[in-house]
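Here is a short note for a colleague who is opening this model for the first time. Please keep the sequence and the structure in view while reading the points below.

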Amino acid sequence: MTPDEILKGLYDKTLVGNGPAVLELTRTGLDTGMAPETMLFDALIPSLEEVGARFERGDFFVPEMLIAGKAMSGALEILRPLLAETGAHTVGTFLMGTVKGDVHDIGKNLVNIMLEGAGFHVIDLGVQVAPEKFVAAIGEHKPDIVGFSAFLTTTMPMFKANINALRKAGLRDSVVVMVGGAPVTQEYADAVGADGYAPDASATVKRAKEFMSQRRALATA
Ligand code: B12
């Protein structure tokens with residue numbers, strides 16, 4: 001198979017939610033020396049974007065979105081160790097979760113993989129995480145950064161609810177708050193009082209590293 005055929009196959013099979021074919025093609029891609037990032041950014045993510053566009057047009061419904069998401073997640077599991085070739089050093093601790101009411105986790109998982117790859121210790125609280133759970137986990141793990149992920153305009157307001165819960169628990173100043181997810185913007189992040197926003201996984205890593213340098217500079221000042 002040529003690289004183009006593999007990428008086209010990954011795109012097409014993710015679109016129709018053919019999980020076994022996506023796994024097979026991912027393995028074939030790796031066997032032929034294709035970079036994991038190429039499969040991710042040139043086939044898998046664009047395919048899910050198309051799934052979203054079809055859902056918006058009414059050509060796809062929730063079951064189609066679900067199987068496409070599952071197919072993508074299967075590929076991510078294979079790519080995970082390759083994307084996250086972690087160095088020995090822990091850059092910082094990043095606590096992550098998808099907010100209450102929201103079950104989208106593919107974007108969050110991708111961010112986690114990239115953060116791990118950059119040397120962060122990542123604690124993932126999963127999906128539908130209530131403010132109390134974030135508060136308890138911050139108390140327990142004392143992360144440097146907490147990330148809230150939301151994919152729905154109806155769940156984005158949970159950012160504010162989470163930040164208020166942190167403030168009430170006296171934890172707001174102890175942790176950097178980052179927010180993200182498909183509908184989130186820098187303006188929205190500013191409006192809810194988050195410290196940082198990033199539109200994708202690599203920008204999240206870059207921003208998180210900047211926050212860690214600031215924290216280190218403050219600690220030694
Ligand atoms: C797959 C999918 C699903 C799957 C989720 C499977 C799963 N395990 O995640 C299922 C079928 C469950 C689902 C359900 C629903 N979905 Co849906 N879903 C999608 C779809 C097609 C893909 C999402 C995705 O994973 N994208 C791929 C990743 C890689 O996304 P990404 O945004 O590029 O992620 C990057 C950034 O966002 C960022 N990032 C992510 N998290 C974080 C966190 C931090 C801290 C930072 C800094 C950065 C960051 O980094 C990521 C990696 O680069 C999107 C369409 C779309 N275009 O997003 C709709 C979409 C998000 N869903 C939508 C809707 C409406 C729904 C439902 C309400 C449908 C329904 N009627 O039931 C339900 C809601 C369920 C719920 N309560 O959560 C709408 C949301 C519209 C809106 N603006 O509110 C979308 C946009 C589709 C559309 N175009 O209408 N969905």
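1. A polar side-chain atom of D102 lies 3.4 Å from an oxygen atom of the ligand, and a backbone N or O atom of A182 is likewise placed 3.4 Å from an oxygen atom of the ligand; a polar contact here is a pair of N or O atoms within 3.5 Å.

2. The model is a predicted one, in which local features need pLDDT of at least 70 and side-chain atom pairs count only at pLDDT 80 or more, while totals for chains, interfaces and linings use all residues. Residues are numbered from 1 along each chain as its sequence is written, and side-chain values use heavy atoms, with hydrogens and water left out.

3. H104, found in the loop between β1 and α5, has a polar side-chain atom 2.7 Å from a nitrogen atom of the ligand. The cobalt atom of the ligand has H104 (NE2), 2.3 Å away, as its single donor from the protein, where donors are N, O and S atoms within 2.8 Å of the metal (3.2 Å for Na, K and Ca), and sites may look incomplete because water is not among the atoms.

4. Around the ligand there are 35 residues, of which E56, V103, H104, D105 and S149 are the closest; a residue is counted if one of its heavy atoms lies within 4 Å.

5. H104 is also, with L48, G107, F151 and A182, among the residues that lie nearest the centre of the largest pocket, which is lined by 44 residues. A pocket is an open set of points on a 1 Å grid over the protein atoms alone, where a 1.4 Å probe fits, with protein on both sides within 12 Å along at least five of seven lines, and lining residues have an atom within 4 Å of a point.

Note on methods. Helix = DSSP H or I, 4+ residues; strand = E, 2+ residues; numbered from the N terminus. Polar contact = N/O pair within 3.5 Å; in protein donor to acceptor, adjacent residues only side chain to side chain.
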